[in-house]
Amino acid sequence: MAAPPVLVQVLRERRRSLAGWAVAFAAICGMYTSIYPYMAEMNLQAMLEALPREMIEALGYDDMSSAAGYVGSATYGLVAFALLMVFAIGNGAALLAGDEESGALELELTSPLPRAAIYVQRLGALWAQITALVAVVFAVTLTLDLAQGLGIPTLDLAAATLQLWLLIGLFGSLAFAAGAATGRRGIGLGVAATLAVVSWMLNAIGPTIGLEWMSSISPVGWYMDSNPITRGFHPVDALLLALAAALVIAAGLRRFVRRDLMT
Amino acid sequence: MGHHPIEIQGLVKDYGSFRALHGVDLQVARGEAFGFIGPNGAGKSTTIRCLLDLLRPTAGVATVLGARDLANNPAIRARIGYLPGELVMTGRRTAREHLTYLATLRGGAGRERIEPLAERFGLALDRPVNGLSKGNKQKVGVIGAFMHAPELLILDEPTSGLDPLLQREFLALVRETAEAGATLFMSSHILSEVEAVAGRVAIIRAGRIVDVEDVRALRERAGQHVRLTFDAPLPAEAARAFAAIPELSALTIDGARLTALLRGSPDRLLKEAARHQVTRWSAEDRNLEELFMDHYRQTSADAGGEAC
Ligand SMILES: Nc1ncnc2c1ncn2[C@@H]1O[C@H](COP(=O)(O)OP(=O)(O)OP(=O)(O)O)[C@@H](O)[C@H]1O
Ligand SMILES: [Mg+2]
């Protein structure tokens with residue numbers, strides 16, 4: 001069977017930009033992980049204890065005494081998490097709706113390919129890019145963990161990575177699907193960014209005000225709970241993330257194959 | 001095989017609450033070169049986008065190459081060459097990459113014709129498409145539409161942006177393609193742009209087909225504005241002789257100057273004019289709007305409507 005032409009073309013045209021993102025991710029994640037030994041010496045935990053408990057919990061900085069706790073909150077819980085969200089939502093909205101708005105999609109839409117194939121291949125290109133960047137985060141963190149002997153349990157790190165991948169894929173797919181359903185990049189961006197912020201807030205604030213159900217309905221809660229690495233693998237949460245992504249993808253496709261295009 | 005390459009029946013298309021097409025009917029026969037003429041906003045691109053299944057009709061059916069249900073027959077587009085009315089080419093890809101990608105989307109068909117067609121139209125294949133001039137972008141579009149030798153070509157304002165030399169090259173390509181047996185459907189807002197190649201034309205206005213006719217008959221009915229200037233004022237008997245020519249109407253003679261509307265053969269007019277010394281001569285095709293005016297006058301007269 002021939003390679004999927006749209007997927008190949010999109011990845012080919014995005015390879016430079018993707019390489020730039022990968023370098024940035026490697027640098028930032030590398031920096032965060034490699035400063036842990038110095039932070040540990042400074043007795044960060046004692047410093048944090050001076051801050052109000054609610055604030056620490058909301059930031060996810062509640063367990064700085066272990067490398068796993070630190071990487072879980074600083075890298076997986078904040079920096080890589082936020083940057084991946086930005087990348088996935090921005091790209092998700094641009095990949096289909098952005099190209100439809102600019103008119104660039106017309107070439108594919110008037111080719112013999114079915115609409116569904118264009119949707120699936122472009123979505124595949126999004127997931128491939130997300131996979132590459134999540135893999136960079138994992139590889140850099142694992143390498144520095146082994147090099148510095150931080151003792152992060154590798155299985156827990158892998159579990160957190162898998163769940164991070166699902167979460168980012170979910171929000172990237174949401175931006176993609178909302179854009180595909182409407183033909184408006186701005187709607188894809190707006191819907192996904194709003195829901196991402198809302199679910200982050202539900203997870204961050206719920207527990208501090210005693211409303212635990214808030215994080216249990218939040219996709220960010222399914223991923224993070226209090227710390228994505230120390231909590232290990234949660235099959236039910238991973239399944240929830242995967243199901244939500246599948247649902248969003250199916251709904252976007254259903255609308256995309258039925259509506260007027262390029263209007 | 002009894003079907004026509006394009007059969008449109010009762011096509012209605014709404015954009016929200018705005019009705020762009022009010023029941024369009026059209027048939028284009030195999031091997032025909034068909035012109036689709038109308039002023040800006042008449043609904044040409046809307047009709048064409050329905051044929052490519054970019055738009056879904058509000059009512060009516062468009063059958064293309066025998067496929068009645070276009071939504072479930074995307075593969076039919078492998079046999080169509082489409083030139084969009086507004087070509088958008090973004091990104092840093094070169095013209096070659098763009099056309100090669102298009103060939104790949106069509107399963108490789110036409111890849112080997114990119115090079116010769118680019119040479120024929122004088123297109124530099126290794127320049128990025130987003131920096132190309134309008135005319136050069138149009139060349140990329142034309143090559144993309146023709147390269148896989150499709151049996152049906154749907155061209156939305158194909159000659160816009162091409163200079164006269166390239167228009168001629170384009171028309172030559174259209175003729176070759178028509179001779180090879182392909183069916184052509186091309187839109188324009190100017191009759192003269194399609195009359196060199198089209199056999200029949202349909203005229204669309206405000207979402208309705210107002211006329212479908214042989215292009216020569218239409219041109220004859222449309223007529224030309226003729227202006228003649230003589231070296232001396234015309235005598236009264238000459239004026240009577242011009243007035244007796246049946247092909248002329250709206251005749252005015254003002255001293256040495258004659259203006260009239262000519263429909264049909266210019267033979268009698270030329271022979272009469274040759275009796276005098278002609279110093280200036282011009283004949284100008286009437287434009288589409290004037291044709292519409294004729295059309296409305298005629299239909300309201302047929303219906304016994306008020307005279308104007
Ligand atoms: N996406 C849209 N939303 C709303 N109205 C539209 C849309 N596209 C076209 N129209 C309207 O539908 C009518 C027909 O437009 P269409 O583009 O089919 O005209 P056209 O004959 O191709 O004109 P032109 O010669 O300018 O290309 C116009 O009145 C136009 O304003
Ligand atoms: Mg148009």
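Residues are numbered from 1 along each chain as its sequence is written, while chains are lettered from A and ligands numbered from 1 in the order in which they are written. Local features of this predicted model need a pLDDT of at least 70, side-chain atom pairs count only at pLDDT 80 or more, and totals for chains, interfaces and linings use all residues, with side-chain values resting on heavy atoms and with hydrogens and water left out.

Chain B is divided into domain 1, covering residues 6-219, and domain 2, covering residues 224-285, the bounds being those of an automatic or database domain assignment. The centres of the two domains of chain B, taken over C-alpha atoms, are separated by 41 Å.

Within chain B, an open sheet of 3 strands has the order β2-β1-β4 with antiparallel pairing; here strands (E, at least two residues) and helices (H or I, at least four residues) are DSSP runs numbered from the N terminus, and two strands are taken to pair if DSSP finds at least two bridges between them. The edges of this sheet are formed by β2 (18-28) and β4 (59-64) of chain B, each of which pairs on one side only, and the twist from one strand to the next averages 25°. Strand β1 (residues 6-15) of chain B is joined to the antiparallel β2(B) by 8 bridges, and Leu11(B) has Val24(B) as its bridge partner in β2(B). Helix α1 (residues 44-51) of chain B lies across β1, β2 and β4 of chain B, where contact means heavy atoms within 4.5 Å. The helix runs at about 115° to β1(B), with axes fitted as lines to C-alpha atoms, for helices over the stretch in contact, and angles running from 0 to 180 degrees between N-to-C directions.

Ligand 1 lies between chains A and B and is surrounded by 13 residues, the closest being Gly41(B), Gly43(B), Lys44(B), Ser45(B) and Thr46(B); a residue is counted as near if one of its heavy atoms lies within 4 Å. Oxygen atoms of the ligand make polar contacts (pairs of N or O atoms within 3.5 Å) with a polar side-chain atom of Lys44(B) at 2.8 Å, with a backbone N or O atom of Gly43(B) at 2.9 Å and with a polar backbone atom of Ala42(B) at 3.2 Å. Of the 630 Å² of accessible area that ligand 1 has on its own, the protein covers 64%, as computed by the Shrake-Rupley method with a 1.4 Å probe.

Further pairing in chain B involves strand β8 (residues 200-205), which pairs in the parallel sense with strand β3 (residues 33-37) over 4 bridges and in the antiparallel sense with strand β9 (residues 208-214) over 6 bridges. Ile203(B) of β8(B) stands opposite Ile37(B) and also opposite Asp211(B) in β9(B). The strands β8(B) and β9(B) form a hairpin with 2 residues between them, and Ala206(B) in the turn has a positive phi of about 45°.

A second open sheet of chain B contains 4 strands in the order β11-β12-β10-β13, again with antiparallel pairing. Its edge strands are β11 (248-254) and β13 (278-285) of chain B, each pairing on one side only, and the twist averages 10° from one strand to the next. Strand β10 (residues 224-230) and strand β12 (residues 257-262) of chain B run antiparallel and are joined by 6 bridges, with Arg227(B) standing opposite Thr259(B) in β12(B). Helix α8 (residues 236-243) of chain B lies across β10, β11 and β12 of chain B and runs at about 165° to β11(B).

Conventions
Polar contact = N/O pair within 3.5 Å; in protein donor to acceptor, adjacent residues only side chain to side chain.
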